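Keep the structure open while you read.

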Amino acid sequence: MANYDVIVIGAGHAGIEAALASSRMGCKTLMVTLKKDTIGLMSCNPAIGGVGKGQLVKEIDALGGQMAKAADACAMQFRILNASKGPAVQSSRAQIDMDLYKDYMRKTIECQENLFILEAEVKKLLVQDNQIQGVVTDKKEEISAKAVVICLGTFLDGLIHMGLKSFSGGRINEPASTGLAANLKELGFKLLRFKTGTCPRLDKNSIDFSGLIAQKGDSPPRPFSFSTKDITQKQIPCYITYTNEKTHRIILENLNRSPLYSGKIKATGVRYCPSIEDKVVKFSDRQRHQIFLEPQGYRRNEIYPNGLSTSLPQDTQLEMLHSIEGLRNAKVMRFGYGIEHAVVEPTQLYPTLETKLLKNLYLAGQINGTTGYEEAAAQGLIAGINAALRIKNKEPLILDRASSYIGVLIDDLTTKGTLEPYRMFTSRVEYRLVLREDNADLRLKKIGYRIGLVSEKEFKATEKKESEIKLGLGYLKKTKASSKQFPGLQRNVTLEDLLKRPGVGIEKLRSLNLINFKKDIAKQIEIEVKYSGFIQRQYTEVGRFKHLEKIRLPESLDYSSISGLSREIKEKLGNSRPFNLGQASRISGVTPAAISLLMVYLKKLNG
């Protein structure tokens, strides 16, 4: 029997980060995938990042993950979303060459020391005394491991819908993983079914771009990775078009042929990325919906019409497309479809992403109820890190809500669960002013370095950056500007006070030769000064939050024996087994009074 430290099942965004993390931390790791050729395949839209998602990618990079570096190497266009708003909600997004990205990730996996690839399907988990022992493949080969990470995406008992026709599949023309879904159920896991979908792919040469709005990227582009100096590859535009009343009429007339509205699909769909059928029905007052025509690669003729996700039959998709400006003669290279897949109810996981049912089994990605490449990659990274830490007998890595977007993502899933596909947004994050994209390295690089995923060189660069920011803030506090240096001043004021004034930015101070900070340092300093009052208030809130997070709840705690708690709260705490008092406070129905009782009980328990 072959032996490994960690087995990672799946080679999508979660699987890649999990496998790279565990192998880079010194664990002999096996990645099991149905096809080597699909390692790193972008199943849906050709983009990385977005509102709330860009922050996840930056944090993955700060912890030593791969997604940001891959995006920088393969991106065709970079944009900062919400650029006109405050820094708390600004997010990066990039259009990606899907072929380059897949090749980049496969090469990274193949060149990684301690990491091996096996083409196979995992049919069953090997379990003994509620602890994972390994896996059994479709070839009936038993492979042992000290830890297993499952990252199956939509492949877990996937069912594809195109019109009223449906068939088993994990992606179009790829088989679903049905055996493992049945095995998880047998082992006692509660499974849900979620639904997602994808758009048709169009032949670029059949689209008339002449009357459409071109959307160019930012110049200069801002990279995702803190270690990327410059983006040198050619940047290309996307185009914008809209649906219209005719499009909507075609959709409404064919709803009886939609698996979503005929009752054929019973799973819960993505609220924040609805199909075009859902948009037309649920937003009937809207006369049009925006469609982004996104290139899928420099050398590809395929265009992804973002906003046209659909599971309507092929003839209806074609008629619908031909009603849209610029797409009158569009040729379809691949039709859109919907897909249902199994999900493990995520409150069955600890914040480490280890399952409560089986020791040393970790789950990451869409199997936990999320949607999106970035959410999957973030979970994969944490699952891979914690699998490796367990093998090394070290304390697990748990990121809380005050430390990162990743912490919010995992806490939402493992504490509250989700009854629909979960997507990250800035609005989910209470402390978003201190958890910005631009300071992800300052927040998390030290953790990445400590666990062995960030090089000493990268960590030293972050320490230097932090030191320069402190020196710069000190300089602004003690240095004064006069009316000679800054016209209009009635008296001498510190540069800090000057920068706090509306309409005075860091670039204004630079143009008057009052400062000479590097650009990235200057940006950090400007945010810290401009938002100092708000930031300080948020740090006070974080302090209160951290107090509850520090109070651990014993895994063996018998909640039924705690007097004063209602039967309902006892049941909820007993079922959820919260990791600490903070997590307990976020369980639906657990009152502040119950938290106070728990605090008193723990004090007595600890003498």
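## Loops, helices and cores

Ser275 has a relative accessibility of 3%, so Ser275 counts as buried (buried is under 20% relative accessible area, exposed is over 50%, and partly exposed is in between, with a 1.4 Å probe and protein chains only). The model is predicted, so local features need pLDDT of at least 70 and side-chain atom pairs count only at pLDDT 80 or more, while totals for chains, interfaces and linings use all residues. Residues are numbered from 1 along each chain as its sequence is written, and side-chain values use heavy atoms, with hydrogens and water left out.

Back to Ser275: it sits in the loop between helix H6 (245-253) and helix H7 (276-282). Helices (H or I, at least four residues) and strands (E, at least two) are DSSP runs, numbered from the N terminus. Leaving out residues up to four places away in sequence, Ser275 touches Lys195, Leu260, Ser309 and Thr310, where contact means heavy atoms within 4.5 Å.

Is Ser588 buried or exposed? Ser588 is exposed, at a relative accessible area of 57%, and its place is the loop between helix H18 (581-585) and helix H19 (592-605). Ser588 and Leu63 are 525 residues apart along the chain, and their C-alpha atoms are separated by 31 Å.

Most residues other than glycine have a negative phi, and most peptide bonds are trans. With that in mind, have a look at Lys140, which has a positive phi of about 65° although it is not a glycine. Asn513 also isn't a glycine, and its phi is positive too, near 60°. Here are their places and accessibilities.

Pro220 is in the loop between strand E14 (213-215) and strand E15 (238-242).

Arg510 lies in helix H14 and, at 24% relative accessibility, counts as partly exposed. Not counting residues up to four places away in sequence, Arg510 touches Ile515, Asn516, Phe517, Lys518, Lys519 and Ala522. Take Ala522 from that list: Arg510 and Ala522 are twelve residues apart in sequence, and 9.2 Å apart in space, C-alpha to C-alpha.

**Two helix pairs**

Two packed helices are described by the angle between their axes and the distance between the axes. The axes are lines fitted to C-alpha atoms, for helices over the stretch in contact, and angles run from 0 to 180 degrees between N-to-C directions.

For helix H1 (residues 13-24) and H9, the axes come within 7 Å and cross at roughly 30°. H1 and H9 are therefore roughly parallel to each other (under 35 degrees is roughly parallel, over 145 roughly antiparallel, 65 to 115 roughly perpendicular, and the rest oblique). The H1 side of the contact is His13, Ala14, Glu17, Ala18, Ala21 and Ser22, which meet Tyr373, Ala376, Ala377, Gly380, Leu381, Gly384, Ile385 and Ala388 in H9. By class, that contact has nine nonpolar, four polar and one charged residues (Ala, Val, Leu, Ile, Met, Phe, Trp, Tyr, Cys and Pro are nonpolar, Asp, Glu, Lys and Arg charged, and the others, Gly among them, polar).

How do H3 and H4 cross? The axes of helix H3 (residues 67-74) and helix H4 (residues 98-111) come within 9 Å, at a crossing angle of roughly 135°. That makes H3 oblique to H4. In H3, Met67, Lys69, Ala70, Ala71, Ala73 and Cys74 meet Leu100, Tyr101, Tyr104 and Met105 in H4. The contact of H3 with H4 counts nine nonpolar, no polar and one charged residues.

**Cores**

In soluble globular proteins, nonpolar side chains tend to be buried together. Here the largest nonpolar core has 106 residues, and those with the most contacts inside it are Ile7, Ile9, Ile48, Leu125, Val148 and Ile150. A nonpolar core is a set of buried Ala, Val, Leu, Ile, Met, Phe, Trp, Tyr and Cys residues joined through side-chain atoms within 4.5 Å.
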